[in-house]
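Work through these exercises with the model open. Try each task before you read its solution.

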Amino acid sequence: MAVSKTVGPNETADVVIIGAGVIGLTIARALAQRGVRELMLIERGRPGAEASWAAGGILAPQVEVDHQDDFFQLACASRDLYPEFAEQLKEETGVDVELDTTGTLSLGFTSKDEAELRRRYEWQQGEGLEIEWLNGDEARQLEPCVSTEVRCALRFPRDFQVENRRLISALVRTNEELGNQLVNGSSVQALRIRHGRVCGVETSSGFVDVSVVVVAAGAWTSLIESPDARLPAITIEPVRGQMLCFHARPQIARHVIYSSRGYLVPRRDGRLLAGSTAEHVGFERSVTDEGVDAIKSMALEIAPGIADLPMIDSWAGFRPRAPDGLPVIGTCEGIEGLFYATGHYRNGILLAPITGKVIADAIVDGVMRAGLNAFSPERFRE
Ligand SMILES: Cc1cc2nc3c(=O)[nH]c(=O)nc-3n(C[C@H](O)[C@H](O)[C@H](O)COP(=O)(O)OP(=O)(O)OC[C@H]3O[C@@H](n4cnc5c(N)ncnc54)[C@H](O)[C@@H]3O)c2cc1C
């Protein structure tokens, strides 16, 4: 990827993608692989440094789900793309994104937890999904770090994890190889639309003449203006999530481990992530004492041995959330050339491969894949 600092005078492109998080980067790769040239990714800060960097990298559509719907279908489809996605990225860049297919555990501590896990087990088994029921001893045999208070657990052998920061490095590198242009440190301020067609974007460093724009700006999506046209009222709210990181050598767990209050993510290099919070505090990025205390107590409830591990890092990021919590993927009626890929909320790492594919196919083939109405930007048309 050619990296430049600013948008030059009289700049043109075939496609502009606003935002180089996991979503924008994955779409850029997919478009270039489908033959699109003159693609410009415009990034306010540094690529992948926001929610995509803060995330836990859990790829787990099944762990919290008790019914079939369009979102569950989309999430499973994206998870199932991951093994090939990871393998291709390794071939393209040499970067191993550490896709870990050990699986996910969900623990039950109380009779209420047990009843909920039992319902989930019966429903998912009835649907033919891969799921296993474990009693407390079986859970501890599998993961000896797990508390003696655990009375039962579900194991989801097909719910995976990926090292999301390595994923970002791989995506940046592959976009470089593909010749996409990355403009770092430039902010898109407004979309320009004339006679029902996109005709450009106004940035902090100049105008870009372009007829296809993908808005992949995560939690900042609603700050981009569109003075020329009435667009659906897409309100994306930042939902702060705090994370803690412990150092565990040797690593204390192999699975991603959930309780009803949070999760642990063991990384290959000995980091053990613990998350998270969901806070409606605008773009206030701090890690708070309350957040740290809540996450620590959740982590100790799962694995009391964490009390002996040093905490080596903490951070916070902004999940992009639409009012109904669903992603916003698709086009706007009556506006040619405008695509949205935002609002991925708690699942943007999981949903990146399918979002990249859907948007690239829609731009290149001119048709939006069926079955995505639930995610259309048009649902916010007033
Ligand atoms: C603590 C935490 C834990 C999470 N854990 C998981 C998990 O385990 N699994 C999972 O699947 N998901 C998880 N998520 C959610 C996931 O991180 C997000 O859904 C995903 O990263 C969204 O990707 P994105 O590219 O849309 O957003 P971002 O990564 O935020 O990228 C958007 C980019 O757009 C840029 N931008 C914004 N506005 C403009 C503009 N006007 N001009 C130019 N650039 C602009 C920003 O600078 C940013 O780089 C977690 C999130 C958090 C915060």
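**Exercise 1.** Which residue is the bridge partner of Phe246 in strand 18?

Solution. The model is a predicted one. Step one: find strand 18, residues 271–275. Step two: look across from Phe246; its bridge partner there is Leu272. Step three: look at the whole pairing. Strand 15 and strand 18 run antiparallel and are joined by five bridges.

**Exercise 2.** How many bridges join strand 15 to strand 19, and which residue stands opposite Pro238?

Solution. Start with strand 19, residues 311–321. 10 bridges join this strand to strand 15, and the two run antiparallel. Now go to Pro238: opposite stands Pro320 of strand 19.

**Exercise 3.** Why is strand 15 largely enclosed by the rest of the structure?

Solution. Take residues 237–247, which make up strand 15. Buried means under 20% relative accessible area. Nine of the 11 residues are buried, so the strand is largely enclosed.

**Exercise 4.** Describe the largest nonpolar core, then follow one of its residues.

Solution. First, the size: the largest nonpolar core has 50 residues. Ile17, Leu31, Leu167 and Val214 have the most contacts inside this core. Next, the elements: among those giving two or more residues are strand 3 (15–18), helix 1 (22–33) and helix 6 (164–178). Helix 8 gives the most, with 10 residues. Now follow Leu167. Leaving out residues up to four places away in sequence, Leu167 touches Val22, Tyr82, Phe85, Leu89, Val97 and Ile349. Last, look elsewhere: another core, of 29 residues, lies apart from the largest one. Ile18, Leu191, Val201 and Ala229 are among its residues.

Technical notes:
Residues numbered from 1 in each chain as written. Predicted model: local features only at pLDDT ≥ 70, side-chain atom pairs only at ≥ 80, totals over all residues. Heavy atoms only, no water. Core = buried A, V, L, I, M, F, W, Y, C linked by side-chain atoms within 4.5 Å. Buried < 20%, exposed > 50% of the residue type's maximum accessible area, 1.4 Å probe, protein only. Helix = DSSP H or I, 4+ residues; strand = E, 2+ residues; numbered from the N terminus. Contact = heavy atoms within 4.5 Å. Pairing = 2+ DSSP bridges.
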